Every structure is written in structure tokens, then in C-alpha cells.
Amino acid sequence: MTIVSADLGYGYVKVIASNGERAIFPSVVGDGVNNVDLTNTFGQRNNDINNMHLKMNNESYFIGELAEKESSSSTRIFEKERFSNNHTKILLNTAIQLVSDSDIVKIATGLPLDYYQSQSKSFRESILGIHPVTTWVSGPLAGQEKTINIDNALVLPQGATALFTALINHEGKFVYPHLMTEGNLIALIDIGFRTTDYIVVEIQSNGSFSPIAKLSGSVDAGVINLHNSLHQAFKSKTGGSDLNQRYIKQILKNGHLLFKGEKIDFKETIKFSKESIVSNISDRLKSIWSNEADLFGAIFLAGGGGELFQPDIQPYFDNRLQLIYESQFANAIGALRLSRATFAAKKGKKLG
């Protein structure tokens, strides 16, 4: 049986399995209209992760990159109660099927810190059991039908799982032994697409760590604020034209975009928007952490936004932030490691 860890982020789905397989794709679901397959015409394959077309419950969906490019109506899930949105289950099923070599799986996933206490039980119950048949029209599993049975599920607080990745390696050993002194405080800032989770833990005598609730939570700010600034700047510079989401990546990569044959420069917009976002996040954290932040043994940085904003946010914390290796996958990796131990312990207890 495969254990799958799925980080259903607002921006990207990150998934990794106990068999070593992993995948990442935009958290976008769109209507799957009849797709004229032009990929083969240009010598490209239609069975890669950028061309995922699925059918479920007699409905047709484009997922990820294909939804951004081809759907007439595509959406991300921004509701606070994500478990009630059918698109959450579509993204989860897609993620599991991409990496699992079994139809019966155990799942580890997470929720933002501010929603974890009130929603974790309902979220877990909503994803357990047998899911509808999924037919892959195109993508990595083109031509296959899959039915996923989630045998068990573990819902964890995001940020805490990323911190577990930072402090403990795949062998269960401490990455920073000098930090694991009883009473030491360790912090993590996890900048995601829509929210920034922050968590502070106190190291215990046995090397475990206990979260400090009053110093942990979520800020409603992230990469989406930068995207919104670029949308508004594009409208302003083009006299009201709208900008498809997929061009945002091009702007962030190149700093400009061609419009009617003319290059529009966005470097200043990117610079000022990043500064505003990190200032907002930092001000919020400093107001909550106060002078205690000066006494933290370490402050780690995680998330796709952590990597994106690292140069801008470092000065606000005296350049003390340590970017976690594979920061975008940090929550998924930590959740997988924790779930392996948890599911193994439950199995042993049942057998005993």
C-alpha cells in the first residue's frame, strides 16, 4: 500500500509518495471542452503533466497547465472550507494517481494553521473512502481508468510539517543538533500562494517540539498579491486589457511582456510589489513575536513564496532566515515522514 503526501496549495499541488515518485502542477481546474490535439502536430507528446484532461462523474476537466491555457472557465479554490469544494477532490485524485502505484492509499495532507483546529476532522472525513472513477483522456495516464480508495488519512497543520523537514532528515536524525536544546525556540515562515503560515515551537527534553499557539498562525498575504499587482499594472499600461494567468510566469521570469509588438516593462512593479508584500508580512510577524524573535535559535523560510521573496524579506529579520532545501516541497516532505511513523505506529498497535 502506498502512502501519499499531498500539499494542496492555493497556487500549486505538490505531491510525493512513499515509492519515491513526486509531481507538481498548478492548483487549477477548468471545464474540459473538446480539445483539438495540436501537440502532436508540433512534435510534442500529449501524455505529459502539462496536458492533463480527465473525466469524472460524467464531467470533463482540464487540470493544471492545460486548464490555465485552454479552459474558457478555470478556477483556483480560495474558499476557507476547501473540503466542501468538489475541485479539491479532483485535484487530490489527480495528485494521488500521478504518483501512486496502488489504488488503495493512505494520505497525509494539511491545512493552514488558522483553519486546522476547526476543519481538520471534517476535511479528513470528506476524503476517506472510495472516490469516483477517473478516466484519463490525456496526460501521464492517458487511456487509463482509476478508482482511488483512501484507506486512512492524516491531516496536519501546514508550517509544522515544513519545520519537521527543516529539523529532521529522512533518517530521523537532527539536521541541526545544536538547536535541539530544551527550551530553545525555533520559528518558521511559510510563504504560500494566498497565505503565509508562521509557527514557533519550543524544543522539549526528548528532542521533540511543541508549538506555541500565541506565536503561530496565518497572514492573509502571499504570492497572489504580487500576481494581482501585475494584473493591475498590465491593465493600466494597456488601456484596460485583461491578462491571462499563464502570462504572469513569463513576466516574473523575464521582467517584461510583449503587447502589440511592443515590450512592456514590469521590473519596477515587481520590485515595489515585493517590497510591499514582505513589509506587510514582516510587520504582522514582528507585532506578534515582539522582542522574542531576537531570542529564536533559528528562523526558517519555506514555500514557493519563500524562495521567491527571500532576498526581499531577509533584511527585515537581520538576514537570519534560512531557506529550507526544496522549500516548495517542504510541507509535503515533512507530512510524508510524519505519516510513515504515524501509520506504522497505528498498525503496530492494532496488531498488538
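How do the residues of the lining of the second largest pocket divide into nonpolar, polar and charged? In this predicted model, they divide into five nonpolar, ten polar and three charged, where Ala, Val, Leu, Ile, Met, Phe, Trp, Tyr, Cys and Pro count as nonpolar, Asp, Glu, Lys and Arg as charged, and the others, Gly among them, as polar. Local features need pLDDT of at least 70 and side-chain atom pairs count only at pLDDT 80 or more, whereas totals for chains, interfaces and linings use all residues. Residues are numbered from 1 along each chain as its sequence is written, and side-chain values use heavy atoms, with hydrogens and water left out.

The second largest pocket has a volume of about 350 Å³, a pocket being an open set of points, on a 1 Å grid over the protein atoms alone, where a 1.4 Å probe fits and protein lies on both sides within 12 Å along at least five of seven lines, and lining residues having an atom within 4 Å of a point. Its lining comprises 18 residues, of which Ser74, Thr75, Arg76, His231 and Gln245 lie nearest the centre. Two or more lining residues come from each of β7 (74-75) and α5, and α5 gives the most, with four residues.

The largest pocket has a volume of about 630 Å³ and is lined by 34 residues, with Tyr12, Val223, Gly304, Gly305 and Gln328 nearest its centre. Elements that give two or more residues to this lining include β1 (2-8), β13 (185-191) and α8 (304-313), while α6 gives the most, with five residues. By class, the lining of the largest pocket holds ten nonpolar, twelve polar and twelve charged residues.

Definitions and conventions:
Grid points are joined across faces, edges and corners, and a volume is the space filled by probe spheres set on the points.
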